[in-house]
Number of protein chains: 2
Amino acid sequence: MQNAILGVDPGLRVAGYSIIACSSSSAQLIDLGFLEQKSTESIPTRVGCFFDFMNKKIIEHNVSIIALETPFLGKNAQTFLKLGYLRGALYLLSHQKNLRLSEFSPREVKQAVTGFGGAGKDQVARVLFAMYPALQNFKCAVRNDVTDALGVGLCGTYKLNQEKIMARAG
Amino acid sequence: MQNAILGVDPGLRVAGYSIIACSSSSAQLIDLGFLEQKSTESIPTRVGCFFDFMNKKIIEHNVSIIALETPFLGKNAQTFLKLGYLRGALYLLSHQKNLRLSEFSPREVKQAVTGFGGAGKDQVARVLFAMYPALQNFKCAVRNDVTDALGVGLCGTYKLNQEKIMARAG
């Protein structure tokens with residue numbers, strides 16, 4: 001059975017997303033991109049547009065799993081809180097559409113993609129481009145928000161397949 | 001014209017709410033209470049139930065304004081982030097239903113209710129009970145989450161009336 005995984009790197013200005021169709025033998029990149037919003041728009045409008053955008057992607061690709069990276073508090077507490085608004089919108093979609101929501105630490109994502117939890121952002125991007133040469137056709141793939149969204153989506157597919165193997169072995 | 005204001009003190013375990021019907025000559029307490037959720041429930045479920053609950057209150061009382069207190073980062077960054085999920089749900093409702101969302105600092109709320117921005121929680125509660133003797137009929141009014149939600153809702157009504165007066169004067 002195929003699962004479609006939506007990987008998201010949320011942000012009020014730019015939010016990256018990836019869609020990977022995943023079976024036991026493949027992890028196919030289906031869609032990749034970002035949602036850009038003007039900082040002059042109000043926060044409710046931006047949260048609402050983010051919700052609507054991700055909702056459309058979920059319907060379009062029949063998504064069954066959302067994958068997210070666990071954020072850590074940076075220098076700005078208010079930015080961190082606003083990140084929570086967007087994460088809340090994804091939690092809500094997970095509840096409303098009965099989707100599984102998986103969270104991974106940055107270390108888990110880097111470990112899954114490169115095999116090394118301490119890998120740098122560039123290293124992660126290099127491995128992603130080596131895995132998916134088609135990424136060169138996506139102009140957006142040069143953006144960190146987009147490769148981050150792809151990294152976390154891919155981490156989601158690995159974990160899912162690991163669980164299936166464990167379930168079969170058990 | 002009457003406006004109904006929903007004041008919320010969001011929380012994943014307990015979320016307080018108040019509904020005040022406000023005209024230029026009165027601020028009538030219509031509804032007051034809290035939503036309690038089990039900590040054994042998943043975060044998506046709790047965010048979803050919080051959204052559904054507030055949505056129902058908005059429809060039931062024809063709410064046009066949501067009033068919220070600006071949170072400050074406490075000791076626990078993850079609790080602060082999760083508070084962001086619930087605030088995100090309210091931002092989304094504000095966007096979806098075209099409601100105004102007003103935020104007030106804790107100081108503004110205390111100032112509006114007691115006339116003194118440095119007032120303690122007990123002092124705020126005492127003033128609220130003096131303003132609304134009917135609060136004694138609400139068992140829930142002994143809870144901090146509920147009086148906080150009433151305080152921020154009331155602050156919302158004051159600001160609204162101030163604006164109306166300013167608009168008339170202007």
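Trainee: Which residues of the largest nonpolar core touch the most other members?

Mentor: The model is predicted, so local features need pLDDT of at least 70 and side-chain atom pairs count only at pLDDT 80 or more, while totals for chains, interfaces and linings use all residues. Residues are numbered from 1 along each chain as its sequence is written, and chains are lettered from A and ligands numbered from 1 in the order in which they are written. Among the 91 residues of that core, A:Val8, A:Ala89, A:Leu90, B:Val8, B:Ala89 and B:Leu90 touch the most other members.

Trainee: What makes this set a nonpolar core?

Mentor: The term is given to buried Ala, Val, Leu, Ile, Met, Phe, Trp, Tyr and Cys residues joined through C-beta atoms within 7 Å. A residue is buried if 20 or more other C-beta atoms lie within 10 Å of its own, exposed if 12 or fewer do, and partly exposed in between, with C-beta atoms placed from the backbone.

Trainee: Which residues does A:Ala89 touch?

Mentor: Leaving aside residues up to four places away in sequence, A:Ala89 touches A:Val47, A:Phe50, A:Phe51, B:Gly88 and B:Leu92. Each counts as a contact because the two C-beta atoms, placed from the backbone, lie within 7 Å.

Trainee: How many residues of chain A are in contact with chain B, and where do they lie?

Mentor: There are 24 residues of chain A in contact with 24 of chain B. On the chain A side, the elements that give two or more residues are α1 (43–60) and α2 (77–96), and α2(A) gives the most, with 15 residues. That side has 16 nonpolar, seven polar and one charged residues, where Ala, Val, Leu, Ile, Met, Phe, Trp, Tyr, Cys and Pro are nonpolar, Asp, Glu, Lys and Arg charged, and the others, Gly among them, polar. The helices named here (H or I, at least four residues) and the strands (E, at least two) are DSSP runs, numbered from the N terminus.

Trainee: Why are α3(B) and α5(B) called roughly perpendicular?

Mentor: Helix α3 (residues 106–114) and helix α5 (residues 144–169) of chain B pack at about 75 degrees, with their axes 9 Å apart. Angles from 65 to 115 degrees count as roughly perpendicular, under 35 as roughly parallel, over 145 as roughly antiparallel and the rest as oblique, and therefore α3(B) and α5(B) are roughly perpendicular to each other. The axes are lines fitted to C-alpha atoms, for helices over the stretch in contact, and angles run from 0 to 180 degrees between N-to-C directions.

Trainee: How do you know that β2(A) and β3(A) pair?

Mentor: Two strands pair if DSSP finds at least two bridges between them; β2 (residues 14–22) of chain A and β3(A) have nine, in the antiparallel sense, and therefore meet that criterion. A:Ile20 stands opposite A:Leu29 in β3(A), and a hairpin joins β2(A) to β3(A) through four residues.

Trainee: In what order do the five strands of chain A form the open sheet, and which are the edge strands?

Mentor: The order is β3-β2-β1-β4-β5, with mixed pairing. The edge strands are β3 (27–36) and β5 (100–104) of chain A, each pairing on one side only, and the twist averages 20 degrees from one strand to the next. α2(A) packs on this sheet, touching β1 (3–9), β2, β4 (65–69) and β5 of chain A, and its direction makes about 160 degrees with that of β4(A).

Trainee: What makes β2(A) mostly covered?

Mentor: Seven of the nine residues of β2(A) are buried.
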